[in-house]
Amino acid sequence: MSGLNGHSPPSLRHAFPRLGGLERFKPGYVEGLEELQLRSRRFAEESVKPRALELDKRGGADPTAFDWDVVREGAAAGMLDLCVPSEVGGLGGLAVETAIAMEELCAACPGIANIFGAHGLGVAPLLTAGPSQWGVLEELVRGNQRGEPPLMGFAITEPDAGTDMEDLDLMRDARIVSRATPVAGGYRLSGTKRFISNGSVARYLSVMMPIDRKRPVETCTCFLVDTAAEGFEVSRIEHKMGQRACHAAELTFDGVFVPSERVVGRPGDAAGITLLVLAASRPPVGAIATGTARGALDRLLEWLHTDPAAAGLADRQYVQLRLASMAERIHLARQAYMDAATELDVAALGGTLGHPLVRALGAMPRSLRRRKRVRQAMASQGSRQATVRVMRQTTSDRAITRALGLSSMAKAYGADVAVETTSEALEIVGLTGSAIGAELDKLWRDARLTQIYEGTNQLNRLEVYRALVDREQMPILPETEELAA
Amino acid sequence: MSPARLEMANGGEATAERREMVALAGELAAGELLPRAMILDGGDAAAIDTAWGPIAEVGFDRALAPGAGEEGPALDPDTFLLCLEELGAGDAGIAVLVLLSNAAHVSGAIPDREAGGRWALVPLTACTPRPPRDGLPIHLEAIEPAVGALGADGIVVVIEGGRFGAEDDGVAAEGGAIVAGGGTTTVGAMTADSGDLEIAACRRALLGLGAARAARVTFAAGGFAEAGGEGANGRSGAQAALDLTRIGAGAVARGIARRAGEMAREYASQRVQGGVAIAEHDAVREMLARMAVREASTPMAGTRSAAAAIGAIEAAAASATDAVQVFGGAGYMCETGVEKLMRDAKVLELWPQPAWTLYDRLAAEGQVPRGG
């Protein structure tokens with residue numbers, strides 16, 4: 001149980017008994033996760049929680065306010081390198097590592113946590129492109145080490161296409177306004193993206209745009225956009241109900257040039273790759289929600305046991321039943337996100353990450369990898385095709401679809417738990433002018449977003465139906481040239 | 001509100017005067033409150049005063065007061081609740097100010113009805129604040145948050161009987177604080193400029209009902225201008241005021257639910273995803289249908305019970321949440337105005353007290369058995 005009666009939050013092995021079986025996955029795996037959990041918790045307690053209310057208040061008064069200090073401190077704690085490959089100096093994790101860190105950060109402040117979560121979401125598409133984008137990933141790591149952390153974001157949503165952009169069937173009729181036009185040496189991007197987390201502070205953005213708006217599914221492409229490029233503009237920063245420490249921005253692309261080597265993967269692969277990225281990112285969002293709920297429960301318990309104004313409340317059956325229900329749902333939400341994360345990392349992608357070619361690239365000395373000809377080879381079409389072949393050999397649409405189903409389940413369930421738990425916590429405390437009221441108000445506002453972003457809960461549940469009930473196999477993996485011919 | 005609905009709400013007796021008052025409330029909501037909803041939500045004092053002006057001019061602020069009708073409208077309770085619902089659909093914060101003003105007058109504690117100005121009832125119910133000490137007397141150094149008290153010209157404090165579980169009767173003021181005796185619902189009224197109290201901004205803004213700015217009220221030596229039942233309506237007036245506050249909160253909530261439904265329906269008809277309006281998608285249709293069902297099944301007028309008020313408030317919270325979901329990402333952004341409805345409804349779930357603490361009130365209504 002989390003935080004009951006003054007106990008500290010659960011250890012990893014206590015929270016996830018099945019983790020013991022994952023020791024076979026790779027030596028030291030669980031130990032590494034335990035260290036990450038403690039490191040994340042320390043950063044959350046020391047750097048995130050003390051700032052939470054102040055940043056929320058500041059963001060409420062001025063949506064453009066942003067705290068780079070907490071980003072720098074998070075970078076020093078490794079929060080920006082979670083899913084950057086170890087070959088280029090990152091932690092080398094994926095859904096599991098990101099989810100564990102997110103729960104810890106969100107128990108302190110979901111808004112601040114989302115800065116790091118959105119960064120990971122922006123990094124994720126680059127991972128699907130194999131070594132072709134390792135140069136940028138190395139740049140991110142070097143920036144973190146210098147104390148000048150570059151942030152990333154993932155730009156999918158448009159003013160008239162939100163849910164549409166996260167479902168292959170809906171995308172066919174989506175009112176997509178943006179497009180990428182092939183030009184000499186690359187593409188020019190035009191259009192608008194909306195509600196993009198980190199959009200206004202990112203150094204690089206993974207941006208989804210179709211090359212042919214009439215065939216969005218077949219031509220949707222992921223571009224790595226340098227936000228310093230001419231034609232890129234942050235047109236507005238939204239005033240949000242909660243999670244205010246993290247910006248949601250509207251971005252305008254007016255002929256922004258993206259060179260060919262900054263196409264992530266191959267042109268036309270992005271629609272399916274987005275689903276792969278969502279399969280990886282939804283467990284962390286489930287963790288965001290779980291952490292938010294845990295944060296509310298922890299604060300409520302502390303108040304019940306220490307504030308004279310709460311005297312006698314913990315003896316009331318109503319309160320005890322509500323606390324038990326909160327603990328129950330938080331526990332189940334946690335199992336759901338970890339189940340989904342391990343399904344993806346171990347069952348679906350374990351073979352990919354352990355492929356001899358991937359291991360060989362990892363074993364290559366960095367000095368060799370930085371040579372121009374080697375870099376060009378890694379960014380070449382041949383390398384991209386090889387990446388697709390490795391993915392096809394080591395995993396399958398069926399495996400990724402199943403992982404997507406579990407991820408969507410974890411996200412939707414966790415989000416509902418977050419909203420219910422924060423709501424009930426408020427009802428137990430009642431209306432008060434004291435700090436507990438401010439903290440729970442904020443968590444309630446923060447929790448609400450988890451039912452909306454990363455696909456609304458309704459969309460997530462439809463994907464649960466398709467993947468796990470109807471057992472559909474979604475076309476997620478890019479096709480090899482042989483298959484496409 | 002349609003005449004047919006008004007008739008239904010009033011059990012078939014929709015007089016022309018009633019229709020006119022409810023329609024007037026609707027016009028005020030649409031013309032004065034809705035256009036200012038965002039700035040009212042921010043608690044802007046000038047905007048609140050501007051919105052309050054026409055309401056006071058019509059007399060909605062004291063339409064239930066004893067002697068109402070001499071200079072302004074005198075409304076029966078059901079029509080008042082319907083007017084409150086209309087105002088709630090415009091801005092719930094302002095509607096709560098109207099409710100508190102009428103509740104203050106209903107208490108009978110305001111010494112001079114001609115004094116004018118905006119009054120606010122400050123109810124101390126079973127859980128605001130919680131009794132921190134054993135035995136009597138209990139000193140209340142401050143009341144926080146006092147919803148609607150900031151900017152008021154005077155407040156009427158009503159302490160619900162039995163909240164401290166004590167047998168002693170009566171309330172006295174001692175050395176700078178109210179001393180509550182428990183056991184009896186007691187009333188005291190003070191003007192803001194009397195020197196007997198200080199009304200300052202609450203330490204933090206409320207989650208919603210922005211126009212009903214909350215205060216921290218502290219009491220100077222002398223305490224209440226009146227205590228106990230002497231010269232006032234005493235217990236029955238105070239209890240009526242408390243009951244009105246609870247029931248009126250339900251009416252305001254119905255306004256929120258209605259506004260949420262209107263916004264969601266309009267958006268769902270226009271927003272296109274997957275090539276069709278989202279109102280064509282079952283996931284959205286289900287939410288819209290549930291909002292309509294809740295609206296139809298939570299009438300306040302004609303019921304006037306705390307139980308019905310709880311139902312209306314819970315329904316409003318659920319409908320406002322659904323409305324935000326229908327809007328998707330846009331629903332989370334302050335600009336669309338729909339997340340405000342969710343916050344307003346949430347505060348009504350907590351004020352004047354959360355539903356789970358209302359058992360004694362429900363017992364008084366005969367809805368549940370009394371405890372032994």
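This is a predicted model: local features need pLDDT of at least 70, side-chain atom pairs count only at pLDDT 80 or more; totals for chains, interfaces and linings use all residues.

Biologist: At what angle do H5 and H6 of chain A pack?

Modeller: Helix H5 (residues 95–108) of chain A and helix H6 (residues 110–127) of chain A pack at an angle of about 150 degrees, and their axes lie 6 Å apart. Angles over 145 degrees count as roughly antiparallel, and H5(A) and H6(A) are therefore roughly antiparallel to each other.

Biologist: And which residues make that contact?

Modeller: On the H5(A) side the contact is made by Met102(A), Leu105(A), Cys106(A) and Ala108(A), while H6(A) contributes Pro110(A), Ala113(A), Phe116(A) and Gly117(A). By class, the residues of this contact of H5(A) with H6(A) are seven nonpolar and one polar, with no charged residue.

Biologist: Switching to strands, how do E2 and E3 of chain A pair?

Modeller: Strand E2 (residues 179–183) and strand E3 (residues 186–197) of chain A pair in the antiparallel sense over five bridges, with Pro182(A) standing opposite Tyr187(A) in E3(A). The two strands form a hairpin with two residues between them, and in the turn Gly185(A) has a positive phi of about 85 degrees.

Biologist: What about E3 and E7?

Modeller: E3(A) and strand E7 (residues 248–259) of chain A run antiparallel and are joined by ten bridges; here Leu189(A) stands opposite Val256(A) in E7(A).

Biologist: What is the strand order in the open sheet of four strands?

Modeller: In chain A the order is E1-E4-E5-E8, and the pairing is mixed. Strand E1 (152–155) and strand E8 (263–264) of chain A stand at the edges, each with a single partner strand, so one side of each has no neighbour in the sheet. E1(A) runs parallel to strand E4 (residues 204–210) of chain A, to which four bridges join it, and Phe154(A) stands opposite Ser206(A) in E4(A).

Biologist: Which strands does H10 touch there?

Modeller: Helix H10 (residues 270–306) of chain A packs on the sheet and touches E1, E4 and strand E5 (220–226) of chain A, with its direction making about 70 degrees with that of E5(A).

Biologist: Last topic: how many disulfides are there?

Modeller: A search of the whole structure, over all chains, finds zero disulfides. Cys334(B), for example, is in no disulfide, and the nearest cysteine sulfur, that of Cys246(A), is 15 Å away.

Biologist: Is Cys334(B) buried or exposed?

Modeller: Cys334(B) is buried, with a relative accessible area of 6%, and Cys202(B) is also buried, with a relative accessible area of 10%.

Technical notes: Residues are numbered from 1 along each chain as its sequence is written. Chains are lettered from A and ligands numbered from 1 in the order in which they are written. Side-chain values use heavy atoms; hydrogens and water are left out. Axes are lines fitted to C-alpha atoms, for helices over the stretch in contact, and angles run from 0 to 180 degrees between N-to-C directions. Angles under 35 degrees count as roughly parallel, over 145 as roughly antiparallel, 65 to 115 as roughly perpendicular and the rest as oblique. Contact means heavy atoms within 4.5 Å. Ala, Val, Leu, Ile, Met, Phe, Trp, Tyr, Cys and Pro count as nonpolar, Asp, Glu, Lys and Arg as charged, and the others, Gly among them, as polar. Two strands pair if DSSP finds at least two bridges between them. A disulfide is a pair of cysteine sulfur atoms within 2.5 Å. Buried means under 20% relative accessible area, exposed over 50%, partly exposed in between (1.4 Å probe, protein chains only).
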